Amino acid sequence: MKLFLPKYPSLLKALYPERISKVGNKSAIYLTFDDGPVPEVTPWVLDTLKKYNAKASFFCIGDNVRKYPDIFNRLLSDGHAIGNHTYNHLNGWNTSTSEYIENALKAEEIMNNTGKQPLNNKPETLNPELQTPNFKLFRPPYGRIKNSQARQIKKAGLKIVMWDVISGDYDREFSAEKCFQNIIKNATTGSTIVLHDSTKAWDNLKIILPKILEYYKEKGLEFRSLKDVL
């Protein structure tokens with residue numbers, strides 16, 4: 001059986017305390033979504049979050065932002081936090097530091113340029129708050145980043161965000177119920193929870209996201225974005 005740790009290891013939290021995994025908010029949960037935006041999933045996620053008046057954080061792949069600028073701008077106009085997930089979903093352990101940083105900065109550039117554009121090419125829809133977007137959250141794909149890369153990411157002014165709980169929604173060997181249990185058994189107030197707005201995770205996500213939102217709403221918790229740490 002393969003090893004899967006739904007809870008981020010305490011040892012790594014101790015070794016890298018500057019990498020965000022929990023937020024000191026006793027009344028909130030922090031949902032995060034990796035690998036989007038994609039038209040098959042992200043708009044549904046946004047519609048579902050809106051039903052619960054929930055904010056979240058989206059760690060976007062730069063190439064997906066390039067391909068789907070309208071969806072990216074909707075993330076912004078809906079008031080969610082945006083993070084950098086590299087341009088091509090690079091595994092830092094298998095990538096040179098120079099290539100990794102170049103790729104991350106390419107993603108930041110495309111997000112900044114796209115975020116300045118109006119929705120649906122209609123100038124009247126441009127939110128003044130989006131004219132100078134600032135995307136300074138960074139999550140390394142697969143959670144794999146070399147210390148040399150992390151130092152350069154920090155020098156670039158980016159905050160590294162890991163997670164407190166990961167659902168496993170992307171793993172097709174996991175049932176939706178298993179992913180849901182991974183979350184509710186491990187997440188507490190202030191936890192950052194990893195989900196994926198990707199086609200790979202879709203079968204599980206479409207089942208568990210409404211359940212997660214309902215579960216923590218009943219506990220009286222807010223769903224906030226990682227703008228809280230900026």
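I began with arginine 224, which at 29% relative accessibility counts as partly exposed. I was working on a predicted model.

**Arg224 and Asp228**

I looked up the partner of arginine 224 and found a salt bridge to aspartate 228, at 2.7 Å from N to O. Aspartate 228 is also in the partly exposed class, with a relative accessible area of 33%.

Lysine 50 and aspartate 78 form a salt bridge in which the closest N and O atoms are 3.7 Å apart. Where do the two residues lie?

Lysine 50 is at 54% and counts as exposed.

**Lys7 and Asp164**

I went on to lysine 7, which forms a salt bridge with aspartate 164. The closest N and O atoms of this pair are 2.9 Å apart. Lysine 7 lies in the segment before helix 1 (10-15), and aspartate 164 sits in the loop between strand 5 (159-160) and strand 6 (165-166), so the pair ties together parts that are 157 residues apart in sequence.

I looked up the accessibility of both ends. Lysine 7 is partly exposed, with a relative accessible area of 30%. Aspartate 164 is at 0% and counts as buried.

I noted the total as well: how many salt bridges does the count come to? The answer is 14 salt bridges.

**Largest pocket**

I turned to empty space last. Rolling a probe the size of a water molecule over the atoms shows where such space is left.

The largest pocket has a volume of about 850 Å³. I listed its lining and got 30 residues. Which of them lie nearest the centre of the pocket? They are Tyr142, Gly143, Trp163, Ile166 and Tyr170.

I sorted the lining of the largest pocket by residue class. The lining divides into 17 nonpolar, seven charged and six polar residues.

Note on methods
Residues numbered from 1 in each chain as written. Predicted model: local features only at pLDDT ≥ 70, side-chain atom pairs only at ≥ 80, totals over all residues. Heavy atoms only, no water. 1 Å grid on protein atoms, 1.4 Å probe; cavity = no way out; pocket = protein on both sides within 12 Å on 5 of 7 lines; lining within 4 Å. Points joined across faces, edges and corners; volume = space filled by probe spheres on them. Nonpolar A, V, L, I, M, F, W, Y, C, P; charged D, E, K, R; others polar. Salt bridge = Lys/Arg side-chain N within 4 Å of Asp/Glu carboxyl O. Helix = DSSP H or I, 4+ residues; strand = E, 2+ residues; numbered from the N terminus. Buried < 20%, exposed > 50% of the residue type's maximum accessible area, 1.4 Å probe, protein only.
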